[in-house]
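Please open the structure in your viewer and keep the selection tool at hand. The stops below are arranged in the order in which they may be selected.

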Amino acid sequence: MGFKCGLVGLPNAGKSTVFNALTRLGVEASAYPFCTIDPHFGVVPIQDERLDFVMKVAGSPKKTPTLLEFVDIAGLVKGASQGEGLGNQFLSHIQRVDAVAHVVRCFKDANVSHPYQTLDPVRDAEIVETEILLKDLDTLQRNLSKVRAAARSGNTEMLKKLALLESIGEILNRARFPLPALHEDQKQAAAELNLLSFKPVLFIANLGEQADPGDPLGKKLEGFAASHAALCIPFYGKVQAEIAELPSGDQGDFLSAMGVAENGVQTLIQAGYAVLRLITFYTANETEAHAWTVQDGTHAVQAAGRVHSDFEAHFIKAEVVPYKLLQEFGSLKELHDRGLIQIHGRDYPVKDGDLIVFRVRK
Ligand SMILES: Nc1nc2c(ncn2[C@@H]2O[C@H](COP(=O)(O)OP(=O)(O)OP(=O)(O)O)[C@@H](O)[C@H]2O)c(=O)[nH]1
Ligand SMILES: [Mg+2]
């Protein structure tokens, strides 16, 4: 699995439309607000030209791409934490995600109502962000009362935990974005409580069909995202969702006919990788070519453990072909004959695109 991403936004912002563009699942996306009530889950294999090439060069008969998981939930409105709209309970469906994709409406369409009537992506983004913050504060408060009670006995562990949760509470209460980076202990506590405000966020400017990437509303949102130390991806939700329904061979032609330079789905996935600092390495043998996603900085021995849990304990060495060399020579035999296969030990930091054979003790 690559990463899991939860989609948030106001009703009618285009979350389900973006979800369909990403997953090709065709869930209901309609012009009435709160169209989505129950969450949708979708798993998408990443289209990866490098994996296709690895498969060809290694002569593997099949491939296993990295999978991404997306969750589409109901829309949030102002006051959701007090039960407005559908409330905020459904946020629990995206608590175990690695990243949050915040879909913000930038498209003009008189047929699609806006919960606050006017188009204002920054206001919209702030509303959703505040509601997420309030939900997190609520989660934190409930835990704080338990920990506070337990700390009364003077238990040092509990006193430590209390101080930790209080320090996170201060950050949330201050609500100054970008939220400061948490130190290790705080990070762990925030992850245990599944606080969404501290997850990496990507803004998706859902632009209308007529807009260009320099659209002023999109630019406003980009400025807002930048002030939150986050990326903002221009995305043509409706166009992309229509393209997703076409056979993949026809998608490129359709995109160029629409004057859209690149497939937004790929751009979005790449941005997700960058935000989460993820890289892909490959393994290939006579049965399959396989793409694996790991955090940048992962050592060879940990990467081996991803491939097979036994490999970590029995690791001897990694034989590595950087992707550039694979592309240049296009033949494993030639790379071998020229002595270009690199031998690395357990601490080698795996690089994006590496093709690796792990040698392990039998
Ligand atoms: N014109 C235009 N319409 C869009 C675009 N993206 C979404 N829509 C339309 O806006 C309406 C709402 O889109 P949805 O994807 O259902 O929105 P949502 O955020 O999932 O809404 P809820 O589930 O109600 O929270 C649908 O009629 C979509 O077809 C777009 O880029 N341009
Ligand atoms: Mg929806």
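This is a predicted model: local features need pLDDT of at least 70, side-chain atom pairs count only at pLDDT 80 or more; totals for chains, interfaces and linings use all residues.

**First stop: the ligand**

Select ligand 1 and display the residues around it. There are 25 of them, and Lys15, Thr17, Phe34, Cys35 and Glu209 come nearest. By kind, the residues of this shell divide into 12 nonpolar, 9 polar and 4 charged.

Next, select lysine 15, cysteine 35 and threonine 36 in turn. A polar side-chain atom of lysine 15 is 2.7 Å from an oxygen atom of ligand 1. From cysteine 35 it is a backbone N or O atom that lies 2.7 Å from an oxygen atom of the ligand. Threonine 36 places a polar side-chain atom 2.8 Å from a ligand oxygen atom. Considered alone, ligand 1 exposes 650 Å², of which the protein buries 96%.

Which elements give two or more residues to the shell around ligand 1? They are α1 (15–23) and α7 (237–244). The element that gives the most is α1, with 3 residues.

**Second stop: the sheet**

Colour the strands. An open sheet is formed by 6 strands, in the order β2-β4-β1-β5-β6-β7, with mixed pairing. At its edges are β2 (40–45) and β7 (231–235), each of which pairs on one side only. Neighbouring strands of the sheet are turned against each other by 25 degrees on average, direction ignored.

Now select residues 99–105 and 201–206, which are strands β5 and β6; these run parallel and are joined by 6 bridges. Within this pair, histidine 102 has phenylalanine 203 of β6 as its bridge partner.

Return to α1, which lies across β1 (4–8), β2, β4 (67–72), β5, β6 and β7. Its direction is at about 160 degrees to β4. Then select residues 264–275, helix α9, which packs on the sheet and touches β4, β6 and β7. The direction of α9 makes about 170 degrees with that of β7.

Most residues other than glycine have a negative phi, and most peptide bonds are trans. Where is alanine 175 located? Alanine 175 lies in the loop between α4 and α5, and its phi is near 50 degrees, a positive value in a residue other than glycine. Proline 178 is also found in the loop between α4 (156–174) and α5 (184–192). The peptide bond from phenylalanine 177 to proline 178 is cis, with omega near -5 degrees.

Definitions and conventions:
Residues are numbered from 1 along each chain as its sequence is written. Chains are lettered from A and ligands numbered from 1 in the order in which they are written. Side-chain values use heavy atoms; hydrogens and water are left out. A residue is near a molecule or strand if one of its heavy atoms lies within 4 Å of it. A polar contact is a pair of N or O atoms within 3.5 Å; within protein, one must be able to donate a hydrogen and the other to accept it, and residues adjacent in sequence count only if both atoms are side-chain atoms. Accessible areas come from the Shrake-Rupley method with a 1.4 Å probe; for residues, only the protein chains shown count as cover. Helices (H or I, at least four residues) and strands (E, at least two) are DSSP runs, numbered from the N terminus. Ala, Val, Leu, Ile, Met, Phe, Trp, Tyr, Cys and Pro count as nonpolar, Asp, Glu, Lys and Arg as charged, and the others, Gly among them, as polar. Two strands pair if DSSP finds at least two bridges between them. Axes are lines fitted to C-alpha atoms, for helices over the stretch in contact, and angles run from 0 to 180 degrees between N-to-C directions. Contact means heavy atoms within 4.5 Å.
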